[in-house]
Amino acid sequence: MFKKIILVLTLVTLMSCTATKSPIKTTKTAAASAKKPVTRNVRTHTSTRQTPSRSPQRTAQKNTHTEVIQSTSRTVVSNDVIGDYILQYKNIAMNNMKTYGIPASIILAQGILESGAGRGDLAQTANNHFGIKCHTGWTGDSVRHDDDASQECFRKYTEAAESFKDHSLFLTGRSRYSNLFSLDKDDFRSWAKGLRQAGYATDPRYPEKLISYIERYDLGQYDAFVLGNNYIPTENNTAIRINNSAMVYDPNAVYHEVQKGDTLYSISKKYQVPITALKQKNNLLENTISIGQKLIVN
């Protein structure tokens, strides 16, 4: 009897152990299978976020147009930089055309090319926008810069406007450029070729480069404004016309040439003309003026 009791207790104990171990195995399997989907979901989410972040960068690169301007220094500029340069100096170029007879389109195109649209080394360090060297007789400040030879002497100016004025004096004061002034003022192609023939630059493609800037940025419009001619925009140009503040010379008007320290306010007080009237007379959209610019005051 005692042996039967022991046998029954042993069987009950074995059955109890078997029932306890089974749930543990099932729990481990369920936990392992539950973790796998989480890992896959995280990877898929990361890949989706990275894809659009690259697309805008590629689009921006396609819309940005840059070019290399090679003159006295190698300069990389965008078309916006060239456009800003034209806006900044177009009035000075037109005023110099009225005073010295050099087409404003040629002045601006040479400024763009020789100065790297104001970003070149000489423009930044010496306000020299036309690559004019010291030459015999120059008594002003100077800087040294590598060009055709090492460490050549170039003129240095206090303001960019002085460089524009000296460029006009340089062309009008040297006999080798005298033939240019027999050309029509609106014939920028002949002027570009004439500058090369007279020895302004050694680059055989110099005329082509000037003409390219004039046509692409419609610089001929400023010659037309000074001469009082109708202007036909260049076909297939790559720039928006920027003539919103240009004006035609009026021989009956009284002009004031902007000097260093002048503001629209000081000019209005000097001539007793309201600022709003000054801006209207001169087609100015802003209060910004530049040295050498001529404003109608009466």
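Predicted model: local features only at pLDDT ≥ 70, side-chain atom pairs only at ≥ 80, totals over all residues.

Mentor: Let's start with a contact between side chains: Glu152 and Lys133 meet in a salt bridge, with N to O at 3.0 Å. Glu152 sits in strand β4, while Lys133 belongs to the loop between α4 (121–126) and β3, so the pair ties together parts that are 19 residues apart in sequence. Both partners fall under the 20% cut-off for buried: Glu152 has a relative accessible area of 17%, and Lys133 comes in at 18%.

Now look along β4 itself, residues 152–155. Glu152 and Phe154 point one way, Cys153 and Arg155 point the other way, and all are buried. So what does Arg155 do on its side? Arg155 makes a salt bridge with Asp166, and their closest N and O atoms are 2.8 Å apart. That pair links distant parts of the chain, since Arg155 is in strand β4 and Asp166 is in helix α5 (residues 160–172), 11 residues away.

β4 runs antiparallel to β3 (residues 142–145), and four bridges join the two. Glu152 turns up again here, standing opposite His145. The hairpin of β3 and β4 has six residues between the strands, and Gln151 takes a positive phi near 50° in it.

For contrast, the structure holds six salt bridges, and one of them pairs the side chains of Arg205 and Glu208 at 3.5 Å, N to O. There, Arg205 counts as partly exposed at 45% relative accessibility, and Glu208 is likewise partly exposed at 47%.

Note on methods
Residues numbered from 1 in each chain as written. Heavy atoms only, no water. Buried < 20%, exposed > 50% of the residue type's maximum accessible area, 1.4 Å probe, protein only. Pairing = 2+ DSSP bridges. Salt bridge = Lys/Arg side-chain N within 4 Å of Asp/Glu carboxyl O.
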